[in-house]
2 protein chains.
Amino acid sequence: MFAPFGFARLMTSTNPVSADPANDIDAQHIRDAIRDAIVERRLAPGTKLSENDVGGLFNVSRTLVRAALQALSYEGLVNVEKNRGAFVAHPSIAEARQIFATRRLLEPVVLREAARHIGKPEIKRLRLLLADEERLTRERGASARRAEIKASGDVHLAIAEMTGNAILKRFMDELVARSSLVIALYGQSVVSSCGHSEHQRIVDALERNDVDTACELMLEHIDHIEADLDLRPATKSSNLKDAFGL
Amino acid sequence: MFAPFGFARLMTSTNPVSADPANDIDAQHIRDAIRDAIVERRLAPGTKLSENDVGGLFNVSRTLVRAALQALSYEGLVNVEKNRGAFVAHPSIAEARQIFATRRLLEPVVLREAARHIGKPEIKRLRLLLADEERLTRERGASARRAEIKASGDVHLAIAEMTGNAILKRFMDELVARSSLVIALYGQSVVSSCGHSEHQRIVDALERNDVDTACELMLEHIDHIEADLDLRPATKSSNLKDAFGL
DNA sequence: ATGCCTATTATCGTATACAATCTAGTGATT
DNA sequence: AATCACTAGATTGTATACGATAATAGGCAT
């Protein structure tokens, strides 16, 4: 069987790999490519990631693909089922709630920690990200939509990076990536036009050194994202929907 | 070259593997064995984990060993250097500080979250862990010492588990494991006789539902652990020490 | 037509093989 | 004596091969 449906989504359109002469692709490269594809929702939750098919796309053996999939499994973006294969994670409603619960717990901590290291240049960098995000909001097309999703996460990650704490940053990496998966599954609106202005207000508060307000806004922001999800206890149709949508 | 120095420390003494008939060892098994060895400080930071040697110990091929080492690398317990091999992590002073800084940020959050789910049975479970810990404190010998180290971490992990949040729990898993590594490297006293009574007071506070005090005690506890470390900027001897100690 | 059983095929799990890279040791040169 | 160059050995990186497991399809009985 061939890659069942547009597996080529895995590749960024500007980066054809087949017949690439200087082709030094390693496991990390593959891992990043798959993660980007998942986070930008080019790969739907539940999609099977066959070792052969992925390897074929990148012109590498299963060995490297396995390494990449194993790493992604550790990040919670991929589920590896023994003797069955790897699938793009398909978080349950309980997991979805847990991911957002953890964000509500961690983001204020991150924000306060970041605030201690934020000065003029950091604010400037955040403003640039916000500008990017806003520009994408106004553009049309699927590609802009994907970029917007990524940009929205990047704001949170940039703040995490400003803590200067690599561990904290990595925890946030995981949470943001998995959130994207949850939104892909349970999101209702195309979201984030509201999300953007909220980011802006958070940065405004940071600029005023008003960390308490920034934290409150952050919590509201997370609440709004979660409110846009349909986390009701699985109208049984979800099973059917999977069968068809896939 | 053979396993340079008592590589057999990797194996738990009660679990001989060679010539084991029902020998269904997988990557996870190896990963756990190595992690336990690191956390219980049977393997010194910086030790090279040769794929051949480890594979030989478990009677498996390099394939499984590589998978295990890769997973451990993601947890921060092992550093994999390209084309050079895997080494038990040897956290720098900066990393050590970061690990404890992150614990100071996270543990209060974890504690408050856990407190919401803690009732009589949870307190009872913690008391049991404390009893174990105290018993080990009084026992003599290296094996009791190792068990004590593990027991001390288990108290923190049990609390994390009581949050009911698997993600948070995993974050704490990583932090506690890496802390053990830092203590192995920079610890001065054999520690933890003080640590135990501090755990006890934290649980006491939890039992009284006095979460604020529990958090304060937790922060003091972490401070005490860190205070026992020698995190001065590297008397250059550390390089020499490696050469000899290994 | 439905359900159960078996044979086939595809995919994964692990070991092995070979190529690329690093390390150590030897000897020549300054 | 110290440094550099080079070769031999060991170790890792990646591909491939083979056995094990699970999904699939076809035949038979009900």
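Predicted model: local features only at pLDDT ≥ 70, side-chain atom pairs only at ≥ 80, totals over all residues.
Reader: In which sense do β2(B) and β3(B) pair, and over how many bridges?

Author: The pairing of β2(B) with β3(B) is antiparallel and runs over 4 bridges. The two strands form a hairpin, with 3 residues between them. Look at B:N83 in that turn: the phi angle there is positive, about 65 degrees.

Reader: What order do the strands of the open sheet in chain B have?

Author: Reading across the sheet, you meet β1, then β3, then β2 of chain B, 3 strands in antiparallel pairing. The edge strands are β1 (48-49) and β2 (78-81) of chain B, and each of them pairs on one side only. Between β1(B) and β3(B), which covers residues 85-88, there are 2 bridges, again antiparallel. One pair to find by eye is B:L49 with its bridge partner B:A86 in β3(B).

Reader: Which helix packs on that sheet?

Author: That is helix α3 of chain B, residues 62-75, and it touches β1, β2 and β3 of chain B. The direction of α3 makes about 115 degrees with that of β2(B).

Reader: Let me turn to chain A. What order do the strands of its open sheet have?

Author: The sheet in chain A is open and has 3 strands in the order β1-β3-β2, with antiparallel pairing. Here β1 (48-49) and β2 of chain A stand at the edges with a single partner strand each, so one side of each has no neighbour in the sheet.

Reader: Which residues are bridge partners in β3(A)?

Author: Let us walk along β2(A), residues 78-81, which pairs with β3(A), residues 85-88, over 4 antiparallel bridges. Among these pairs, A:N79 has A:F87 as its bridge partner, A:V80 has A:A86, and A:E81 has A:G85.

Reader: What lies between β2(A) and β3(A)?

Author: The two strands form a hairpin with 3 residues between them, and A:N83 in the turn has a positive phi of about 65 degrees.

Reader: Now for charges. How many salt bridges are there over all chains?

Author: The idea is that side chains of opposite charge can pair when their charged atoms come close. Over all chains, the count comes to 50 salt bridges. One of them links A:R62 and A:E51, whose closest N and O atoms are 2.9 Å apart. A:R62 lies in helix α3 (residues 62-75) of chain A and A:E51 in helix α2 (residues 51-58), so this pair ties together parts 11 residues apart in sequence.

Reader: How many salt bridges are there between chain B and chain A?

Author: The count there is 2. One joins the side chains of A:R170 and B:E174, at 2.3 Å from N to O. There are also 10 residue pairs in polar contact across the interface. On the side of chain B that touches chain A, α3, α4 (93-115) and α7 (166-186) each supply at least two residues. By class, that side has 13 nonpolar, 5 polar and 6 charged residues.

Reader: And how many residues does each chain bring to the contact?

Author: Chain B brings 24 residues and chain A brings 24 residues. Together the chains bury about 2,300 Å² between them, with 60% of it on carbon and sulfur atoms.

Methods. Residues numbered from 1 in each chain as written. Chains lettered and ligands numbered in written order. Heavy atoms only, no water. Pairing = 2+ DSSP bridges. Contact = heavy atoms within 4.5 Å. Axes fitted to C-alpha atoms, helices over the stretch in contact; angles between N-to-C directions. Buried area = accessible area lost by both parts, 1.4 Å probe. Salt bridge = Lys/Arg side-chain N within 4 Å of Asp/Glu carboxyl O. Polar contact = N/O pair within 3.5 Å; in protein donor to acceptor, adjacent residues only side chain to side chain. Nonpolar A, V, L, I, M, F, W, Y, C, P; charged D, E, K, R; others polar.
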